[in-house]
Amino acid sequence: VNVIASDAGVYKCKTTYKEKTYELTEVEVTVVNPGDLDKTYNKFFYASPKYITAIKGSDVSFYCAIQGQPLGKLYWYRNSDSTPLTTADTVTVDDYNRHLVLANVQDEDKGKYICRNANTGDEEQFSLQVEEQQQNDIQVLESPTSFVMKPNFYTPNELNCVANGSARILFMKNSSSVQRSSRVKLNKTAVKDGTVQRRLVMVKNTEADLGVYQCFIYNRTNVVERTAYITLEKDEVTLDRSN
């Protein structure tokens, strides 16, 4: 807690058994002054989706995150506005400013959205276009739900996509096709009572499942995208400097 410069160094984990000492592992800790942060310690590692064309009245979400220590503060901006977006009736920004959600988008919402790292000034840009509803539009009935895993406590989980109309459904993870395995099941697109549905099932979640999942529902004229996030709940670690 409250790391200071003198905490930097190599920490070793040792144990003694039957009067013999064994060195199990070691880790090197680097302490960086906030004013000395650069792109080496704070950089963007994921931003998705970069471009969205949404139907007027629908909800849209953008996501960006950074890696490095200490984590920098993220702020969202619209077009050339100098004031960051905050949670309002039609805009939601989560606690870590990683997710920006726009509800009931209208023509005035289209444009450029910027996710900026306050520590370094680095930024990622996103684009939103808004269109009128078409006759062959896809009506989404169920979207995949984000999921937070607890460390060392893994449970089954599934992501569902259900929509009205004649369409196909494609699942992607971190912008790549989902890889099936004995633990990860992806069923075929099913058609029932005028709806299409597809289910991605993780029999037992592991850290290999962390990432951004996208469900694309599409027909000859339209594509609708829904996004869900599987993240890991972080435990706080306290360093005892009393010895």
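Select β4, β5 (60-67), β11 (139-142), β19 and β20: each of these strands supplies at least two residues of the lining of the second largest pocket. Strands here are DSSP runs of E with at least two residues, numbered from the N terminus. The model is predicted, so local features need pLDDT of at least 70 and side-chain atom pairs count only at pLDDT 80 or more, while totals for chains, interfaces and linings use all residues. Residues are numbered from 1 along each chain as its sequence is written, and side-chain values use heavy atoms, with hydrogens and water left out.

Stay with the pocket. A pocket is an open set of points on a 1 Å grid over the protein atoms alone, where a 1.4 Å probe fits and protein lies on both sides within 12 Å along at least five of seven lines; lining residues have an atom within 4 Å of a point. The second largest pocket has a volume of about 630 Å³, taken as the space filled by probe spheres set on the points. Of its 29 lining residues, Ser58, Asp59, Val224, Glu225 and Arg226 lie nearest the centre.

Next, select β4 (residues 51-55). Ile52 and Ala54 form its covered face, and Tyr51, Thr53 and Ile55 its uncovered one. β4 runs parallel to strand β10 (residues 123-131), joined to β10 by 5 bridges. Threonine 53 has glutamine 129 as its bridge partner in β10.

Move to phenylalanine 62 in strand β5. Phenylalanine 62 is buried, at 0% relative accessibility; buried means under 20% relative accessible area, with a 1.4 Å probe and protein chains only.

Now show β19 (residues 211-218) and β20 (residues 223-232), which run antiparallel and are joined by 8 bridges. Tyrosine 213 stands opposite alanine 228 of β20. Widen the view to the open sheet of 5 strands, in the order β12-β20-β19-β14-β15, with mixed pairing. Two strands pair if DSSP finds at least two bridges between them. β12 (147-149) and β15 (176-177) are at the edges with a single partner strand each, so one side of each has no neighbour in the sheet.

Finish at arginine 78, in strand β6 (residues 74-78). Arginine 78 is buried, with a relative accessible area of 18%. Leaving aside neighbours within four places in sequence, arginine 78 is in contact with Leu85, Asp109, Lys112 and Tyr113; contact means heavy atoms within 4.5 Å.

Note on methods:
Helices (H or I, at least four residues) and strands (E, at least two) are DSSP runs, numbered from the N terminus. Buried means under 20% relative accessible area, exposed over 50%, partly exposed in between (1.4 Å probe, protein chains only).
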